[in-house]
Amino acid sequence: MKKIITFSIASIIVSFAFGKKEKDKRENTAMKQYYFVMLTKGKNRTQDSSTAEQIQKGHLENIGRLSEEGKLLVSGPFLDDGLWRGIFIFDLKDATEVEKVLQTDPAITSGRLAYEIHPWMTRKGTVFK
């Protein structure tokens, strides 16, 4: 009888451990959607240097705020002087929310930057949590 109980308990433990391992494997391969935003040169880049500096200051403050709120996961400029100026990767529910958040950026509202929004996926846990 002791052997049967011991075997049963061992079977339950093995089943639980195997089930947890399979669940962890499924969660680690699950895909999650984010929003990739390509920032490009805008049509209005004629501001004087003082105004452009203030716009850039507001742009960086906005990035900091969105990062602290957990909405913006990645941001950064390209280091050449091409059409592409930088990227954002947002963790938001839909493109409408991304649009709304982008309109809080003074570099976008002033026309210094333009953007393209693209839904983007990656495996959960590989790049972002």
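Which residues are exposed on the other side of α3? They are Thr96 and Lys100, where exposed means over 50% relative accessible area, buried under 20% and partly exposed in between (1.4 Å probe, protein chains only).

## Basis

The model is predicted: local features need pLDDT of at least 70, side-chain atom pairs count only at pLDDT 80 or more, and totals for chains, interfaces and linings use all residues. Residues are numbered from 1 along each chain as its sequence is written, and side-chain values use heavy atoms, with hydrogens and water left out.

## Helix α3

Helices (H or I, at least four residues) and strands (E, at least two) are DSSP runs, numbered from the N terminus. Val98, Val101 and Leu102 are the buried residues of α3, which spans residues 95-102. They fall within an arc of 100 degrees seen down the axis, so they line one face of the helix; the arc is that of the directions from the helix axis to the C-beta atoms.

The cover over these buried residues includes β1 (31-41), α2 (49-68), β3 (84-90), α4 (106-109) and β4 (113-123), with contact meaning heavy atoms within 4.5 Å.

## Aromatic rings

Three aromatic pairs are found in the whole structure. Rings of Phe, Tyr and Trp (its six-membered ring) pair if their centres lie within 6.5 Å; planes under 30 degrees apart count as stacked, over 60 as edge-to-face and the rest as tilted. One of the pairs joins tyrosine 34 and tryptophan 120, tilted, at 6.1 Å centre to centre and 45 degrees between the planes. Tyrosine 34 lies in strand β1 and tryptophan 120 in strand β4, 86 residues apart.

Tyrosine 34 is buried at 1% relative accessible area, whereas tryptophan 120 is partly exposed at 30%.
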